[in-house]
Amino acid sequence: MVKARINGITVKVPEGTTILDAAHKVQIKIPTLCKHPDLRATGACGVCIVKIKGSQKMVRACCTPLEENMEITTHDPEIVAVRRSVIELILSRHPNECLTCGRNQNCELQKLASDFGVRRESFPQYLPDIKPDTSTGTIVLEPRKCISCGRCITVCQEMQNVWALSMLERGIDTRISPAGDISLADSPCVNCGQCSAHCPTGAIFENDETAKVWQALQDENKYCIVEIAPAVRVAIGEAFGLPLGQNCTGKLYTALRRMGFEAVFDTNFGADVTIVEEAHEFVERFVHKKGALPLITSCCPAWVDFMEKFYPDMIEHFSSCKSPHQIVGVLSKTYYARKKRLDPANAYVVSVMPCTAKKYEIKRSGEMFASGHQDIDVSITTRELGRMIKQAGIDFASLPDEESDHILGEYSGAGTIFGVTGGVMEAALRTAYDYITGGKLKNIDFENVRGLAGVKEGAVPVGSHTVKVAVAHGLRNVEAVLSKVRLAKARGEEPPYHFIEVMACPGGCVGGGGQPYGVTDELRVKRGKGLYKDDEAHTMRYSHENPWVKKVYQDFLGEPLGTKAKELLHAAYKARPEYKK
Amino acid sequence: MESTKEMSVKDQVKAIAGQWRDREGNLIMILHQIQGKFGYVPREVALLLSRELDVPLATIYEVITFYNYFKLEKPGKYNIAVCMGTACYLKGASQILDAVKDLLNIDEGETTPDGMFRLDAVRCLGCCGLAPVIMINDRIYGKVKKEQVMEILAAYKKNKE
């Protein structure tokens, strides 16, 4: 332990604790800009400078460890003046476009400028002439607004191991770009959007497609259908000041109906269908030895893209089952349209996702048009929906709860935990256990696949078998798991796991790239808890026991993995180049 | 023909990378040698190098663009540097620069379509007594007058085979 004094207050912290974290322990808030709780400190911005008694220079609190007997001053008029100058210098390279910026009122730089009472432009402005990159259709890169804090670079390179973004040039010419100024769409970018969730300003943000949705809602010839992903319900409340992690499912249904959607469905129904298909796939491979093990989940489109670019040798291991939102999409335009005597050409399906990669997924391959039309017309993020609800003049926080529309809105507890890391595995194990043993699990809460450890492993006794599982989230954690699989394959040994779940974003979809800003592990846990509570509150906690899922199979789909199911609910994968240019 | 040429670039990259394998800080040394060989770092070579060294392309470009020394574009046969340092500037270097631009029909940082000339404006070539100065490859031309530019370039244009 290290003992020191910060602003005269004695503090005792473990060795290696930064001045920033130590100050937090004694209720002192040192302002920061480049530092994010998820990421290692880079010391790029200089806003967190503090004084150490006996030292001439000011140091950055985010990357200076507290030492024994240090006497730190975090706030005095000189320090505040220096911080203000740092902010003014940053502003001299940042356009004054707050009112028309996607991060208006959500921007960390704007907040600092406001807190420090910056009232003038103290330095002449220099703005680089770099055009926005809209090539992906998922996220927009606007390097003019970049303050070179480096967060997106650390996210893309270290947290996600994608290396699509780099920091090119130096000094005043420093800029974010894929290697060699190619477009993001030609780079290895997997559209996870974690860069946009971590950017402190408006330099990276989701491709706003709310106008398309409004247009469809206004179109009398369109029958508008909406579905909400599991993780959206426990995060949307943040946009309206509701407690963190509060489950807003009922309010969401009400709000969407009031916005004009004629059918309000739930992606969780699709999750239940995914589990039925995927658990059958697992049984085929595990019990009947038909197909490669381990089976790897494929409901995360950023992960699918990552696999196709970096691990194409794993294609045979991937579940061919589509993601839940695609399943609700295709069933909306086939099963539901037929039931409603609706021309699927006039059905317009909107999915609300915690995710930017879903915007890519809806057109990623021919199978996403299995209904004969584009199964999902547009996918918007939680952030976009938050803005739409505000534009619609809906007092979200006070809304009464409503029910979803029948049948594609009915879900089990297993479906809802898809939104948190380990959830798909847990849901699949519950169903697979039943399929393999014909019996029910005593304890259906699989604690060892829950939580925020980057890689979680477990061995689950299933009848006379043991199912070895691994769960990874945050793409940097994939390597540890898949390298073991590759090694075993190369040596012709038994696979180290039978079933692997991967989610691209840390925490799973609750920490998705399209979720409300300000994500930290604390928030990920709170949102996750909201989903586990939703699961516990359901009497129906097995996907395959969802009576409405059974009915759709009986009336329409036939057998799981059958001809119709294969045609509508499955997809294929192919190796894709990391760089198109 | 095309594929043998491709192979040879690949082999050259492999050979250079091989010399520096597993040595700390090898990327810069390798890039130096690559540029020595090709005159710049072609994208094709950077991509090969990324695979060969198992270093992300992002890192390679971060290094290349950090240092002015490394070039991403093919240099011309003749590289013209027009000095815009203080002394040259005061002696009318901007008119010299304009004259070169007009005659070659290219801008600063560009290469003529035939690959003959590349034009750069630089800061101080270190011979202010000769201002205004231009340098073509390794040869210095001092006290240049606007009217002489055409004549100087013509001598190089003649060398075009």
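**Close-up 1. A salt bridge joins A:R151 and A:E108.** The closest N and O atoms of this pair are 2.8 Å apart. The model is predicted. A:R151 sits in helix α4 (residues 151–159) of chain A and A:E108 in helix α3 of chain A, so the bridge ties together parts that are 43 residues apart in sequence. A:R151 is buried, at 2% relative accessible area. A:E108 is partly exposed, at 28%. Side chains of opposite charge can pair when their charged atoms come close.

**Close-up 2. A:K322 and A:D375 form a salt bridge.** Here the closest N and O atoms lie 3.9 Å apart. Two loops of chain A are tied together, because A:K322 lies between α9 (301–310) and α10 (324–339), and A:D375 between α11 (357–361) and β14 (378–381). The parts are 53 residues apart in sequence. Both A:K322 and A:D375 are buried.

**Close-up 3. A:K333 pairs with A:D377 in a salt bridge.** The closest N and O atoms are 2.7 Å apart. A:K333 belongs to helix α10 of chain A, and A:D377 to the loop between α11 and β14 of chain A. The pair links distant parts of the chain, 44 residues apart. A:K333 has 3% relative accessibility, so this residue counts as buried. A:D377 has 23%, so this residue counts as partly exposed.

**Close-up 4. Salt bridges link A:E426, A:R430, A:E447, A:R450, A:D535 and A:R541 in a network.** The count over all chains comes to 49 salt bridges.

**Close-up 5. The largest pocket holds about 1600 Å³ of space.** Its lining has 44 residues. Nearest the centre lie A:N106, A:E108, A:K111, A:Y517 and A:G518. The elements that give two or more residues to the lining are α1 (19–25), α3 (108–115), α12 (382–391) and α16 (521–537) of chain A. Helix α12(A) gives the largest share, six residues. By type, the lining divides into 16 nonpolar, 13 polar and 15 charged residues. A:E108, one of the residues nearest the pocket centre, is also the salt-bridge partner of A:R151.

**Close-up 6. B:F66, B:Y67 and B:Y69 make a nonpolar patch on the surface.** Together the three residues have about 290 Å² of accessible area. B:Y67 lies in the loop between α4 (57–66) and β1 (78–83) of chain B. At 35% relative accessibility, B:Y67 is partly exposed.

Methods:
Residues numbered from 1 in each chain as written. Chains lettered and ligands numbered in written order. Predicted model: local features only at pLDDT ≥ 70, side-chain atom pairs only at ≥ 80, totals over all residues. Heavy atoms only, no water. Patch = residues over 30% accessible without salt bridge, like charges linked within 9 Å, V, L, I, M, F, W, Y side chains within 5 Å. Areas by Shrake-Rupley, 256 points an atom, 1.4 Å probe, with all protein chains shown as cover. Salt bridge = Lys/Arg side-chain N within 4 Å of Asp/Glu carboxyl O. Helix = DSSP H or I, 4+ residues; strand = E, 2+ residues; numbered from the N terminus. Buried < 20%, exposed > 50% of the residue type's maximum accessible area, 1.4 Å probe, protein only. 1 Å grid on protein atoms, 1.4 Å probe; cavity = no way out; pocket = protein on both sides within 12 Å on 5 of 7 lines; lining within 4 Å. Points joined across faces, edges and corners; volume = space filled by probe spheres on them. Nonpolar A, V, L, I, M, F, W, Y, C, P; charged D, E, K, R; others polar.
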